[in-house]
Structures are given as C-alpha cells and as structure tokens.
Amino acid sequence: MRRHILTAFTLFATSFLTLAQEQMTLSQAIHTARNQSVEALAARQSFISTYWAYRSYKASRLPSFYMYGNLMNFDRSLTLLQNPEDGSLKYVSSNNLQNSLGLEINQNITFTGGTLSVSSDLSRIDQFGNSKSLTWYSRPVTVSYYQPLFSYNQFKWDRKIEPKEYEKGKRDYLARMEALTINVVYAYHNLLLAKMNSSISQSNFENSGNMLQIAKERHQLGDVTKAEYLQLELRMLNDSIAINETAVAVREAQMSLNSILGYDESFEIEPDLEEQLPDIQMDYDLVMQKSLENSSFTLNNELSLLNAESNVAYAKASRGFSFALNARFGMSQTGPQFPQAYKDLLDQEVVGITFSIPIFDWGQGKGKVQKAKAAQEVVKAQVQQSENDYRRQMFTAVSQFNNQRQQCLVSRRAMLIANERYELTMHRFKEGNATVTDLNMAQTENDSACRQYISDLCNFWTYYYNLRQCTLYDFINGEDLEIDVKEMIL
C-alpha cells in the first residue's frame with residue numbers, strides 16, 4: 001500500500017515536467033539570446049547612443065549653415081536719449097518697424113581652436129509718424145574670425161578622444177554580448193543539471209523500489225539484516241522526496257533561462273548534452289595579442305591617460321590668463337531704396353585683442369595645475385598596475401581553459417565508469433553478492449559523477465567565452481568579432 005501511495009505522489013510531482021518541450025542546443029540558446037533578449041536590446045541601444053554621439057562630433061567638425069533674422073519687430077514707445085552737446089536727457093517718440101534676414105556659415109578650426117564665419121544679411125527699417133522714411137542696410141559679405149589665445153583647445157582634445165570613445169563603444173557592445181553569452185551558459189547548464197537531477201531521482205526511486213523488493217525476499221531468507229532492509233527503504237523514501245524537490249528546481253531553472261532568452265514562463269526547453277567539445281588549445285601569446293588589440297582594456301587605459309593629459313592642459317589654460325583675437329572684415333551700405341543698399345559698397349574692418357591677466361591669485365592657478373599633474377601621475381601608475389594585473393589574469397584564464405577540456409574528458413569517463421559500476425552493483429545485489437551499503441555507495445558515486453560532468457561542461461564553456469570576452473576573438477573560427485554598424489542603426 002505504501003508503495004502505491006509513493007508512486008502516485010511521485011507521478012503528481014513529475015507532472016510539472018510533462019509540458020510540451022523544444023529541443024535546443026547551447027549554440028541555439030546563445031543565438032536566441034543575442035537576437036531577442038532584453039540584455040541584447042539594451043546593449044544595442046547603448047551602442048546606438050554612442051554611434052549618434054560620434055556622428056554629432058563628426059558633424060561639429062563640418063561647416064554649419066543656418067539662417068537668422070528678426071521679423072515684424074514693431075516698436076512704438078518713448079526712448080530716453082541724451083543730447084551730446086549739453087548732456088540733457090529727453091524722451092523721444094519711437095515708431096518704427098524693423099525686419100532683418102541673414103545667412104551664415106561657421107567652421108570650427110580644430111588645429112587652432114578658433115571659429116571662422118562668413119555671413120550675409122539685409123535689414124529694413126520703416127519709420128512711421130511725422131517723419132516717415134524707409135532705410136535699407138546691407139552687408140553682402142562679412143568674414144569674422146574668433147581665436148582664443150593660450151587657452152584650452154576643446155576641438156583638439158575632442159579630435160583625440162572622441163574616435164577612441166566610439167571605438168570603445170563598439171568593443172563594449174561586443175563584450176556585453178559575450179557577457180550575455182556567459183549568462184546563457186550558466187542558465188543553460190543549470191537547467192541541464194536540474195533535469196539530470198530530476199532524471200536521476202526518478203531512476204533512483206525505481207531502482208530503490210526494485211532493490212527493496214529483492215531485499216525483502218532476501219530478508220525472509222536471512223541474507224539481509226533488518227537494519228540493511230530499513231536502510232534501503234529509507235533510501236527509497238529519500239529518493240521519492242528528491243523527485244519533488246528536483247521537479248521544483250527544474251521549473252526554477254527553466255524560468256531563469258526563459259527570462260534570459262526572452263521567452264515567457266510557459267515556454268519549455270529541452271537542453272542537449274553535448275558529447276563533443278572543440279579541440280582547442282589556447283596560446284597565451286595569441287590571447288594577450290588579441291586582448292591588447294581588440295578589447296576595451298587598452299582603450300580604457302589610453303582614454304584615462306588622454307583625459308588626465310587634457311585635465312592638465314585645461315588647468316594650465318584656466319590659471320586666469322585670457323587672450324582672444326576678434327577680427328571682422330566685410331562690405332556694407334545703406335540707402336532709402338533697396339538697389340542703393342548694394343551700390344558703392346563700403347569696406348569695414350574690425351580687429352582687436354581682448355585680454356585678462358590676474359595680478360594676484362594667491363596661488364590658485366598654480367594649485368589647479370599641480371593638482372591636475374598629481375592626478376595624472378596617479379593615472380599613469382594605475383594604468384601600469386592594471387596592465388600587470390591584466391597579464392596575470394589572462395595567464396590564469398588561459399591555464400584554466402587548457403586544463404578544463406582534459407577535465408571534461410576525465411569526468412565524462414568517470415561518469416560512464418560510475419554508471420557501469422552502479423549497474424554491476426545492482427546485479428550483484430540481486431544475486432546476493434553485494435550489501436546494501438555497497439549499493440548505496442555505488443548509487444551516490446554515480447549521482448555525483450553525473451553532476452560533476454555537467455559542472456565541468458559549464459566551466460569549459462564559461463572559460464571559453466570569458467576568453468572571447470577579453471579578446472573579442474573567435475578561437476574556433478580564427479577571426480575577430482565584428483559588428484555591422486549599418487545593420488544595427490537601421
């Protein structure tokens with residue numbers, strides 16, 4: 001009676017696993033996550049933001065062309081004016097309509113940090129009241145140039161930094177996709193392990209039931225003691241409990257993987273246990289070469305050094321000294337009629353230098369420079385230390401991967417041996433040549449060997465994709481990882 005109750009309870013627990021399932025390999029799961037997961041979408045949007053920031057920077061280096069003006073500016077008011085001869089003040093009635101329109105082209109000069117402008121504009125003033133009049137004012141061509149002297153050249157530093165930021169954005173996107181792949185590897189093998197545990201628990205429960213029946217018969221013959229019989233019965237009860245626990249673990253692992261892949265909780269995946277692993281042996285020199293060439297590590301260090309150098313330049317330029325050159329050359333004319341505003345043009349030239357020099361700043365400027373230099377030295381030391389640590393980490397990662405493939409081969413062989421030993425022990429127990437202790441030990445070792453193999457497989461692929469993330473290099477196909485920018489921004 002107890003046996004039938006346990007069987008019914010077990011069938012109820014395993015009903016969670018009888019939903020429709022879809023076979024999916026690890027590579028298929030990775031492909032799915034890269035195309036439809038939330039993390040993949042976030043990584044793409046982050047890169048797109050970086051792309052448009054770079055496009056904005058590129059656009060700032062090109063000439064900008066725009067229209068400006070002042071339309072229908074009507075003024076009917078009293079204006080306070082001063083008589084230049086005697087200094088008296090009086091209010092004068094103003095009643096006019098002003099309109100102006102112009103075109104301007106601006107070009108930032110990266111090398112000098114200045115701005116060159118070419119403009120053309122036309123103004124019209126309609127005077128109302130007792131003295132009606134119409135006045136046109138034209139400036140057909142005006143060339144202006146503004147040049148800060150001895151100041152921080154933002155254009156120069158942007159030219160050095162922005163392309164590296166964009167390249168870093170591409171590499172960060174690839175690295176995030178590899179990080180997503182590692183998460184898939186964990187979740188996929190976690191589900192594989194959960195399903196294997198569920199299968200083991202059901203198999204163990206059936207085997208324990210069969211062995212318990214045999215033990216009962218042998219107990220009646222006196223070949224099995226009461227303690228051994230109870231020990232086997234306890235094992236069967238524990239196996240029945242394990243069925244329920246592993247069923248819940250399977251659902252949790254399934255939902256976790258579904259969340260990463262972008263599926264809802266109703267989608268069922270049947271993971272595939274890979275039998276063949278790629279025959280890859282990592283070379284430390286190649287890994288370091290690709291890591292320094294492709295990953296964000298080198299770019300991060302370069303950007304840190306550039307930003308520190310830029311901060312020093314900014315501190316030096318911000319010590320209080322300020323010089324700027326303003327120059328404007330052009331043609332202009334005015335007249336009561338439109339054609340007259342463009343006849344007999346008069347030239348105009350305006351050139352001047354503005355400056356500001358601190359007499360006493362109590363060491364503020366020098367302090368800013370020294371602070372920036374000290375921070376720069378810290379960055380240099382940190383970069384050097386990070387390079388040393390990075391090389392050590394890469395050496396460890398390469399060693400772990402190279403050892404892991406052999407570990408997988410050994411653990412797979414151990415799993416097959418443990419399973420064969422368990423089968424032989426059950427056969428010997430049926431014939432009365434093995435004890436309950438031998439049977440329990442063989443079962444425990446078999447279960448442990450199966451779990452160890454799954455764990456070693458997970459470590460193998462985790463180590464592999466960790467190296468891919470660090471190098472952005474596909475070691476199986478022997479090529480660098482790339483992205484199609486045009487496809488991503490569509």
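## Briefing: sheet, helix contacts and confidence

In β7, Thr334 is the bridge partner of Tyr137. The model is predicted: local features need pLDDT of at least 70, side-chain atom pairs count only at pLDDT 80 or more, and totals for chains, interfaces and linings use all residues. Residues are numbered from 1 along each chain as its sequence is written, and side-chain values use heavy atoms, with hydrogens and water left out. Helices (H or I, at least four residues) and strands (E, at least two) are DSSP runs, numbered from the N terminus.

**The sheet**

- An open sheet is formed by 6 strands, in the order β2-β3-β4-β5-β7-β8.
- The pairing is antiparallel; two strands pair if DSSP finds at least two bridges between them.
- β2 (64-82) and β8 (346-356) are the edge strands, and each pairs on one side only.
- From one strand to the next, the twist averages 20°.

**Strand pairs**

- β4 (residues 115-127) pairs with β5 (residues 133-149) in the antiparallel sense over 12 bridges.
- Here Asp126 stands opposite Leu134 in β5.
- β5 also pairs with β7 (residues 322-335), in the antiparallel sense over 11 bridges.
- β7 and β8 pair in the antiparallel sense over 11 bridges.
- Ala324 stands opposite Thr354 in β8.

**Helices α2 and α3**

- α2 (residues 26-36) packs on α3 (residues 38-60) at an angle of about 50°, with the axes 5 Å apart.
- Axes are lines fitted to C-alpha atoms, for helices over the stretch in contact, and angles run from 0 to 180 degrees between N-to-C directions.
- α2 and α3 are therefore oblique to each other. Angles under 35 degrees count as roughly parallel, over 145 as roughly antiparallel, 65 to 115 as roughly perpendicular and the rest as oblique.
- The α2 and α3 crossing is right-handed. A crossing is right-handed if the near helix is turned clockwise from the far one by less than a right angle, and left-handed if anticlockwise.
- Ala33, Arg34, Asn35 and Gln36 in α2 meet Val38, Ala40 and Arg44 in α3 (contact means heavy atoms within 4.5 Å).
- The residues of this contact divide into 3 nonpolar, 2 polar and 2 charged. Ala, Val, Leu, Ile, Met, Phe, Trp, Tyr, Cys and Pro count as nonpolar, Asp, Glu, Lys and Arg as charged, and the others, Gly among them, as polar.

**Helix α8 and its partners**

- The axes of α7 (residues 296-317) and α8 (residues 364-431) come within 8 Å and cross at roughly 170°.
- That makes α7 roughly antiparallel to α8.
- Residues of α7 in the contact include Phe297, Leu305 and Val312; those of α8 include Val369, Val379 and Tyr390.
- By class, the contact of α7 with α8 has 10 nonpolar, 5 polar and 6 charged residues.
- α6 (residues 284-294) packs on α8 at an angle of about 130°, with the axes 10 Å apart.
- α6 and α8 are therefore oblique to each other, and their crossing is right-handed.
- Tyr284, Val287, Met288, Ser291 and Leu292 in α6 meet Tyr390, Arg391, Met394, Phe395 and Val398 in α8.
- The contact of α6 with α8 has 8 nonpolar, 1 polar and 1 charged residues.

**Confidence**

- The chain averages a pLDDT of 85, and 90% of the residues score at least 70. pLDDT is the predictor's confidence in each residue, from 0 to 100.
- Confidence is lowest in α1 (residues 2-14), at a mean of 38, and highest in β9 (residues 473-474), at 94.
- Over residues 1-20 the pLDDT is below 50. Beyond near neighbours in sequence, this stretch has 26 contacts in the model.
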